Amino acid sequence: MNINWFPGHMKKATDRIQAQYDQVDLSCEVLDARVPLSSRNRVLEEMTASKPRLIILNKADLADPSKTKDWMDKLGDKDQCVLALNARDDDFSSLVEKRAKILCQSMLEKRRQKGLKNREIRMMVFGIPNSGKSTFINKLSGRKSAKTGDRPGVTTANQWIKTPTDLLLLDTPGIMVKKMEKTQGLHLSWTGAIKEEVLNLQEVGYAFLHFLLDHYEEALVNRYNLPSGLSELEAMDFIGQKMGAMVGGYIDYDRVSARLFDDFQKGRLGRISLEEAEDSDET
């Protein structure tokens, strides 16, 4: 199964990011805490590697906390700070500003030596579609400066956004990786980073149910009163019958799959992570 979703505007957006990179002091990559590996954009990471980077593990309230801690330990170093948060509800503006100043300490000192004390810190913010990047930016700016939505692909152009702090943000469109492996495509499909229109819902849903039965069976038991020990097909039939997803006397597997994704994305299945920190050692 191949899943590729790279609309034409994403190539143009990548080129614009490269063209404006000289204007910023550091970058901020917003990742989905449930899939830190799959939600990384290696092209943009390499493009922005010459300056400090702040990594945001967003939607941490939906992820397995122990696995999120492992990811924070894995990704953090002297030039790369990691914060786990929920951009929709948490109050993190002062913390992000503080971390940005620490990362830019050398640059800020050079400015002070030159007598340049008041210029803001310019931070480019990027992330894949539906990572919560725009929600993160709006929280930092204190207003709805960036468009948000539950579907991927809302932001389509770069824009500078002021904040009440010393940060000046460069908002960028969500850019998907151009080519992805099967597992990455599945993980991004399950989290809602890829539009459902390009998916085979039944196939992707069956794979998701297989993962849940292997790693988080208790979540299915708690949510759907699912008996333990069922196969993937038996579990799909049970959930379909329970939710009344029937067409002509048969289970509508597309509806069941869509329900599974919705319950997962909105936290109704509990705190679930799809990737572990040691997975990054294999890439």
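The questions below go from the sheet to the helices.

User: What kind of model is this, and how are residues numbered?

Analyst: This is a predicted model, in which local features need pLDDT of at least 70, side-chain atom pairs count only at pLDDT 80 or more, and totals for chains, interfaces and linings use all residues. Side-chain values use heavy atoms, with hydrogens and water left out, and residues are numbered from 1 along each chain as its sequence is written.

User: What is the strand order of the open sheet of 6 strands?

Analyst: Helices (H or I, at least four residues) and strands (E, at least two) are DSSP runs, numbered from the N terminus. Two strands pair if DSSP finds at least two bridges between them. The pairing in this sheet is mixed, and the order is S3-S2-S1-S4-S6-S5.

User: Which strands stand at the edges, and by what angle are neighbouring strands turned on average?

Analyst: S3 and S5 (159-162) each have a single partner strand, so one side of each is left without a neighbour in the sheet. These two are the edge strands. Axes are lines fitted to C-alpha atoms, for helices over the stretch in contact, and angles run from 0 to 180 degrees between N-to-C directions.

User: In which sense do S5 and S6 pair, and which residue is the bridge partner of Lys-162?

Analyst: Strands of a sheet pair through backbone hydrogen bonds, either parallel or antiparallel. S5 and S6 (residues 167-171) share 4 bridges in the antiparallel sense. The partner of Lys-162 in S6 is Leu-168.

User: Are the faces of S2 covered or exposed?

Analyst: Buried means under 20% relative accessible area, exposed over 50%, and partly exposed in between (1.4 Å probe, protein chains only). In S2 (residues 53-58), 6 of 6 residues are buried. One side carries Arg-53, Ile-55 and Leu-57; the other carries Leu-54, Ile-56 and Asn-58. Both faces are covered.

User: How many bridges join S2 to S1, and how many join S2 to S3?

Analyst: S1 (residues 26-32) runs parallel to S2, and Ser-27 stands opposite Arg-53. S3 (residues 80-84) is also parallel to S2, with Ile-55 opposite Val-82. The counts are 6 bridges to S1 and 5 to S3.

User: What is the hand of the β-α-β unit made by S2, H3 and S3?

Analyst: A crossover is right-handed if, with the strands pointing away from the viewer, the path from the first strand over the helix to the second runs clockwise. Here the helix is H3 (residues 65-75). The unit is right-handed.

User: Which residues of S1 and S6 face Gly-127 and Met-123 of S4?

Analyst: S4 (121-127) has 6 of its 7 residues buried. S4 pairs in the parallel sense with S1 over 5 bridges, and with S6 over 5 bridges. Gly-127 is the bridge partner of Val-30, and Met-123 stands opposite Leu-169.

User: Why do the buried residues of H4 lie on the same side?

Analyst: In H4 (residues 93-103), the buried residues are Ser-93, Val-96, Glu-97, Ala-100 and Leu-103. They share one side of H4 because they cover an arc of only 125° around the axis, counted from the directions from the helix axis to the C-beta atoms. On the other side, the exposed residues are Ser-94 and Lys-98.

User: Is Leu-209 buried or exposed, and which residues does it touch?

Analyst: Leu-209 lies in H8 (residues 201-215). With a relative accessible area of 0%, Leu-209 is buried. Contact means heavy atoms within 4.5 Å. Not counting residues up to four places away in sequence, Leu-209 touches Leu-220, Glu-232, Ala-235, Met-236, Ile-239 and Leu-260.

User: How are H9 and H11 oriented to each other, and at what angle?

Analyst: Leu-220, Arg-223 and Tyr-224 in H9 (residues 217-224) meet Arg-259, Leu-260 and Asp-263 in H11 (residues 253-265). Their axes are 13 Å apart. Angles under 35 degrees count as roughly parallel, over 145 as roughly antiparallel, 65 to 115 as roughly perpendicular and the rest as oblique. H9 is therefore roughly perpendicular to H11, at about 100°.

User: Within what distance do the axes of H10 and H11 come?

Analyst: H10 (residues 232-243) and H11 cross at roughly 90°. They are therefore roughly perpendicular to each other. The contact includes Met-236 and Ile-239 of H10 and Leu-260 of H11. The axes come within 10 Å.
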